[in-house]
Amino acid sequence: MAVQFWYKTGKPQKGKFLTITNGYHGDTFGAMSVCDPVNGMHGMFQNVLAQQLFVDSPSSCPGGEKESACKMRKMLQQKSNDIAAVIMEPIIQGAGGMKVHSPWYLREIRNLCYEFDVLFIADEIATGFGRTGELFACNHADISPDILCLGKALTGGYMTMGATLTTPRICEGISKDNGVFMHGPTFMGNPLASAVALASVRLLLDSPWKERVRKTEKQLKKGLTSLMETSNIVKDVRILGAIGVCELKEPVSDMTKVQDDLISNGVWLRPFGKLLYTMPPFNAPIGKEEVNVITNAVLEAVKHEQNRRQ
Ligand SMILES: Cc1ncc(COP(=O)(O)O)c(C=O)c1O
């Protein structure tokens, strides 16, 4: 969509994407090309993926966000003529690192896109529909993207559906001179999936979702933050909305053992590398007890992992 917009508006050389490291955007070829190139998920495809531009995501050191924003500015100064868009997951990155950044950083990146005339794509496939405590993560920074990617909670998980939203500027640019959008998969706009999405979004908006996310956040904090003091294998605990992340100092030694531990405590989570994370549902009332089952299972799994390492 971004590439077609520039092509139709007289800047066909703007075909690259710029992003930050530790991102995850999916497993199809275009999406894989903007995922973190070194964190292990798509290494075997590197030779066939389009080469995109990367800037280090903010480190957790003081000044980390400023430094990353400066690198982004430098890259845009040098290459904006070739760049269609900056793509990123706003406020919290997903499976590529579950790293959180501030609304300030997000606003800064958005403003750089305005300054250097590149589009801003917000991938809210994981963060959309309330997950971070705001309906969309972009709302934390009061910004609006040129292109918004949605999926997952769009249908509440009941049917597969993704959606790409854009602004009148992009839409009119593409449609100029009888232009049509050049992507039309067989099942695009599937009526049944659309009906499910509408019903699901209506149910969410009619529910006290914000309150539920707030309560889940409180409970996740209560259950997981102690790990920072009680475990010497834990590097960081991050809680944002209905997302709880425990980052270990080293990758888990045996994924199946950690998973078996979690399952024996009644919880299905998928540990990945150094990360153990949970994103509990909030489309129905979820009580303290349910969140506690999850956090207790994580505490137990970390304890056993620590014992295995000694
Ligand atoms: C932020 C983000 N973008 C994109 C995707 C990919 O979505 P899909 O698996 O529906 O292609 C995911 C999936 O986990 C995601 O978390």
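# Exercises on a predicted protein model

The side chains of Ser-33 and Gln-52 make a polar contact at 3.1 Å; a polar contact is a pair of N or O atoms within 3.5 Å, where within protein one must be able to donate a hydrogen and the other to accept it, and residues adjacent in sequence count only if both atoms are side-chain atoms. Before we go on, note that this is a predicted model, in which local features need pLDDT of at least 70 and side-chain atom pairs count only at pLDDT 80 or more, while totals for chains, interfaces and linings use all residues. Residues are numbered from 1 along each chain as its sequence is written, and side-chain values use heavy atoms, with hydrogens and water left out.

**Exercise 1. Describe the surroundings of Ser-33.**

Step 1: Find the element. Ser-33 lies in helix α2, residues 29-33; helices (H or I, at least four residues) and strands (E, at least two) are DSSP runs, numbered from the N terminus.

Step 2: Judge the accessibility. Ser-33 has 5% relative accessibility, so it counts as buried (buried is under 20% relative accessible area, exposed over 50%, partly exposed in between, with a 1.4 Å probe and protein chains only).

Step 3: List the neighbours. Leaving out residues up to four places away in sequence, Ser-33 touches Leu-49, Ala-50, Gln-52 and Phe-54; contact means heavy atoms within 4.5 Å.

**Exercise 2. Work out where His-25 sits and what its side chain meets.**

Step 1: Look for the loop between β1 (16-20) and α2; His-25 lies there.

Step 2: His-25 has a relative accessible area of 11%, so it is buried.

Step 3: Beyond its neighbours within four places in sequence, His-25 is in contact with several residues, including Thr-19, Ile-87 and Asp-123. With the side chain of Asp-123, the His-25 side chain makes a polar contact at 2.7 Å.

**Exercise 3. Decide how helices α3 and α4 are arranged.**

Step 1: Compare the axes. Those of α3 (residues 64-79) and α4 (residues 103-115) come within 10 Å and cross at roughly 10°. Axes are lines fitted to C-alpha atoms, for helices over the stretch in contact, and angles run from 0 to 180 degrees between N-to-C directions.

Step 2: Name the arrangement. The crossing angle makes α3 roughly parallel to α4 (under 35 degrees is roughly parallel, over 145 roughly antiparallel, 65 to 115 roughly perpendicular and the rest oblique).

Step 3: Sort the contact by class. It has 7 nonpolar, 1 polar and 5 charged residues. Here Ala, Val, Leu, Ile, Met, Phe, Trp, Tyr, Cys and Pro count as nonpolar, Asp, Glu, Lys and Arg as charged, and the others, Gly among them, as polar. Among the residues that meet are Met-72 in α3 and Ile-109 in α4.

**Exercise 4. Examine phi at Ile-91 and Asp-117.**

Step 1: Recall the background. Most residues other than glycine have a negative phi.

Step 2: Take Ile-91, in the loop between β3 (83-88) and α4. Its phi is near 70°, a positive value, and at 3% relative accessibility Ile-91 counts as buried.

Step 3: Take Asp-117, in the loop between α4 and β4. Its phi is near 55°, also positive, and at 31% relative accessibility Asp-117 counts as partly exposed.

**Exercise 5. Check the confidence of the chain.**

Step 1: The protein chain averages a pLDDT of 95, and 100% of the residues score at least 70; pLDDT is the predictor's confidence in each residue, from 0 to 100.

Step 2: Confidence is lowest in helix α9 (residues 227-230), with a mean of 93, and highest in strand β4 (residues 119-123), at 99.
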